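Q: Please walk me through this structure, one feature at a time.

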Amino acid sequence: MNGSGIKIKATKDLHYICNFNCSIQVICWRAVASIAWAVLLLPPITLVFVIISKFSFLHPIQTISECLYLLTSASGIFSFILLCGVILIVGFLHLEYYTVIPTIACSKIALLGQLLHPRHFINSLVHCFMGVIVAWCCAVTMGLRYETLGYPCTESDGHPQMCLNEYHLILLLAGAFVGFSHSLLGVIYNMNYVSFHTVQQYKYLRFKRCLPLVVKCSATQALYSVRNYIVMYLFLGKCPFFMNKISVHPLDSIAGLLDLSLLYHLWSSATFLLLTWNITLLLFRIFVTEVYSFPVQSSFTEDSHQCLPKVLTEKQPMILKFLALQDLALLSQHSPSRRCEVFSLSQPGGHPHNWNAISKECLSLLTDLTQRLVAYHDTVATNGRAKSLSSGSERKTSSETSVTSGTEDLMSPRPVFLMKTPASVFARSVAGTPQSPLTSLFTPDLDSPFASPALRRLTAPVDQCSPWYGTVQSPHIMRRAPKLWSTSTDSQVNGSPTPSPASVPSPKPEPSKPSFLAQFLQNRKEQVLKPCHKLPEASSQALFADSQAHIWALEGLSYLVQASFSEDQFGVVQTTLPSILSCMLVLQEAVDRHFKLPHASSKPVRSTSSMGDSTYKTLRFALRATLKTAIYRITTTFGDHLNAVQISAEHRKRLQQFLEYKE
Amino acid sequence: MCSLALFPPPLPSGQTTLCESNNELLSGASTEDRLKQESSPLSLHFPRESLKLHSRTESSSKAAFLDHSETLWMRSAAAWRDGGFTGLLNEITNSHTEVPKWLSMSSGCILALLRWVSSFHGSLFPHLTLSSEDMIAEFSQVLNWSDCVVRAFAWHPHTDKFAVALLDDSIKIYNPKSATTPTLKHRLQRSVAAVQWKPLCASALAVACQNCLLVWHVDPCSLSTRPSSGCAQVLSHPGHSPVTSIAWSPSGSLLLSASPMDSTMMVWDVAAESCVPLQRVGGGGVSFLSWSPDGSHVLASTPSALFRVWETRMWTCERWPCVKGRCQSGCWSPDGSRLLFTVQGEMVIYALTFTDAPGVPTSTSQGPQAAAVVADLSETTFSTPDGDIVVGGEIQSLVWDPRGERLAVLLKGDPQAADRPAIIAVFKTRANPIFELLPCGFVQGEAGAEPRLMQFHPNFQHGALLTVCWSNGRITHVPFYFVSAGVPHFGLSGSPLLPHPQQRPADFVNQSLFTEFLS
């Protein structure tokens, strides 16, 4: 086929991109395979589109002959090659922009920031341009009045000249509009978010199941886009630029636009455009989230970096970590032979390196989530509404142990479990700038939408002139900081916009100078950002944005502990059992407390007819259920033997509740 | 092969089965038995008169209100919302005075066409023409479901509490350790076909209702006797009703639901309230689900002569066409390696053996080639002091105790003939050296009460405990005391038995029993 040449070239390019790292290559090859399938699916889709656009009830035979003529004509083949090129570009954009951790905008302004961010803006422009190309192909395919931009006409004085074919123009602009709105909606609905499924299925079956949904989504989305486009065109058509009288069929009137055949053609080409793109996206999601089986241990040292314990601990790229965690959850559940490798001892030496690495990583993930929840709760609980986290020092995890690694580490609210996916939206552009503390709350992503040019002007200077910037070294002050701010904020500043009743009689603490200044700045910042009301429950979603990883860690750990009851010959799991239990119980407590907050337990509205994946909205519920099940799995397996495990009295009490099935 | 002729004869009327001890079923007179039953906290009695039944269904309450004239648009919108496309067409056709003639004519034609097509579809799958109540009655595991006071019953998989769904659409939860018995009621909780507790969880109870699936979260520490309907999650999918069968995965992560109207089987992620439909062509619906205790396979029977065995790793399935009728019931051995099932219209129990190791994704090559007959339940005449009794015939349901030592079979009998009662036959099972069923005896209740529903207690310490719901609204428990030959370890998802506070007299425990006394 025509696409194969392009395909081979593309794979060669990728080879360089992938940098010869075996694990990353897996992702790249999957992306390439998905793009190849999308290209292979293009001919049938195009054929269907051609038939639909050319079909007439009165002359069925003529339709077929026209279709055949078109498919063999030079322009038809050329436009098909163009379409293949568009699919390739769309596929590579997906590979470039995809993320496994959604960027959740917690306010309208943040969302606007996301939309206007250069990286997304470029994406939108590219989509816009590709929309024009697809629309041109559609115009060529449909022929008749749409085919060319200009056509010869005679003016009133008899001079032959070229006139603008507005039907062609309206189609091209529609392509641009649909492409642009598609990419905007992609940002709003997190279409670049790739979610993993709880139910494993073969790729073909999954594709077959999703295809009708995709067709339906594309058709409805095309309908809305065309409606919006028509309205816009109607108003912009009044502009003098379009009133050049070069067109003989004025389409800027309602009557001119209410041409059923035109509307039908607009809708069908918009559907075609969206369908090809959405299918590319669907294939990409299906391929990239397929289960990948990492070896638990390798007999060759040079292969050790591909083994499960090694991949789990790596931060980059995020998708590999997710795939490794998924594999861990599955192997712990289904594969006795691979579990056996996890419980095995190293030779020589006799250390349980595999188990230690796996359990340590899982526990650090869970501890990180606990600390995140506690920090959030502390800031919210003090006065009933979300305050900004003052520092990232609360978020230390065991994996990154340097306590005082300098100002940079202290000042930036870097979630230590770094969410920098290769596609993390703003990673390349603003990674170096010091972040406003506010952002840490508003998004889990380090590179938040607040770094948009408009807002950076507001927040960055504040940060720079903060008295703490570059001076405070001790983590103790930083750790105390949120308390200082939150107790004194409302009592000291009269201009506080919403005084909460709880904080009115608050006793005045020692107003140390830095805290006063910081608080002043904090309030100014609040006033500046007052228009951006927080969307309800968004901050809760943001806290749990990457919880799929925690869910797998919980499942993996609990299944392994359960299996260890009968399969662990050397007792390697027993040594970590107390820490696993206490880690889970602490997390359970934090999660319980979090769900008592307003909005945390409200269910999001289910949106079904959109290509955007809204799995991330319910991750916190899934985490809560998985956590409980995980603890129960351990307690039912071990039963009263757990009384011999050394844990604190408080945890033992809690565990007893589980043993009696009272949680 | 075992047959009913090898069974000890049924008890004379007035005697009820009390327990199995020392390898034989002990019986007692019913008056003495009643005293004993009343004293036990878990034995319950729901007299039919005590239940407040719905006098009318919800849709018919319309008649109680004044006729309210709405515009055609409003009515059409309401019809679209309530009845979908056909509802809309119906509305347009009925209001022919207000709409143009061509519109009502054409909608009438489309409606007729749709009906013709659906009747054609219905002739392929006759069950589709049933009303939803009749359909639940047809496919439920409960004998004579529509007339049953106790419509569903479920033991909690880990503790001594259970849920009972009653004829008045309420669910009561009994726990011997707590004084409160929460009663669950919900607007959507109608015609409960099945209830099941979530494994590895103390609180979640899934309920299969007429139009949806409810998952209740009943806090075990709460003192409230009427949990609000806010405690229930509603899971529904268009076209997926009535739900007649549900099954939790033994690991507690997924919930399966099936409806005979819908050829897709839903896999629910309950926490996220999302579902993955699993569709296969053929069968016309899914009527019964049973998840193997090790979590590796799921039996899904369809209303036609076909059932499927799904493998749960990648969700692929094997087709098993039956010769005669649909698969009526089925149960799994504790290790998930053996499936026993019965077919409607046949009087035998079949066995399928799955030898593959759990976790190997492709099971088709290693699966069994044909089902083997393990027991013959054709009609057998026993002569008792009260006259001849014919026992045997078609099978309503099968349950296997969690240790895999006792198999209870509910025989339908013939409600018209007095000498052909519905009865529970209990088999002993043994797996070594070859799998076979050995007769144990019949479980009978009070005179005039026929068994409707039965379930084994999931972790009874001293053998097996069969809970039976009778047609007179009584729930009794029949213990089978035996020492299990080898305490099975339930694969991945099973749990070692927890020590329970001793509730039963311990004198049965130490007696040695022989489960293989007859061949």
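Q: Which residues does B:Leu411 touch, not counting residues up to four places away in sequence?
A: This is a predicted model, in which local features need pLDDT of at least 70, side-chain atom pairs count only at pLDDT 80 or more, and totals for chains, interfaces and linings use all residues. Residues are numbered from 1 along each chain as its sequence is written, chains are lettered from A and ligands numbered from 1 in the order in which they are written, and side-chain values use heavy atoms, with hydrogens and water left out. Contact means heavy atoms within 4.5 Å. On that basis B:Leu411 touches B:Leu4, B:Leu377, B:Val391, B:Gly392, B:Gly393, B:Glu394, B:Ile395, B:Ala422, B:Ile423 and B:Ala425.

Q: Where is B:Leu411 placed?
A: Helices (H or I, at least four residues) and strands (E, at least two) are DSSP runs, numbered from the N terminus. B:Leu411 belongs to strand β28 of chain B, residues 406-411. Its C-alpha atom is separated by 7.5 Å from that of B:Ser397, 14 residues apart along the chain.

Q: Is B:Leu411 buried or exposed?
A: Buried means under 20% relative accessible area, exposed over 50%, partly exposed in between (1.4 Å probe, protein chains only). B:Leu411 has 0% relative accessibility, so it counts as buried.

Q: What is the relative accessible area of B:Ala77?
A: The value is 43%, so B:Ala77 is partly exposed. B:Ala77 is found in helix α2 of chain B, residues 72-94.

Q: How many helices and strands are there in chain A?
A: Chain A has 25 helices and two strands. Of its 663 residues, 55% are buried.

Q: Which residues of chain A does UniProt list for "transmembrane region"?
A: The unreviewed UniProt entry lists 35-55, 67-91, 128-147, 167-189 and 266-288. Such annotations may be inferred rather than shown by experiment. In the model, residues 67-91 of chain A are 96% helix and 0% strand, with end C-alpha atoms 28 Å apart. For residues 167-189 of chain A, the span is 96% helix and 0% strand, and the end C-alpha atoms lie 32 Å apart.

Q: How many cavities of 30 Å³ or more does a search of the whole structure find?
A: Rolling a probe the size of a water molecule over the atoms shows where empty space is left. A cavity is a set of points, on a 1 Å grid over the protein atoms alone, where a 1.4 Å probe fits but cannot get out; lining residues have an atom within 4 Å of a point. The search finds 17.

Q: Which residues lie nearest the centre of the second largest cavity?
A: They are A:His94, A:Asn123, A:His127, A:Met191 and A:Asn192, from a lining of 18 residues. Elements giving two or more residues to this lining are α4 (74-97), α6 (118-142), α7 (166-188) and α10 (260-288) of chain A.

Note on methods:
1 Å grid on protein atoms, 1.4 Å probe; cavity = no way out; pocket = protein on both sides within 12 Å on 5 of 7 lines; lining within 4 Å. Points joined across faces, edges and corners; volume = space filled by probe spheres on them.
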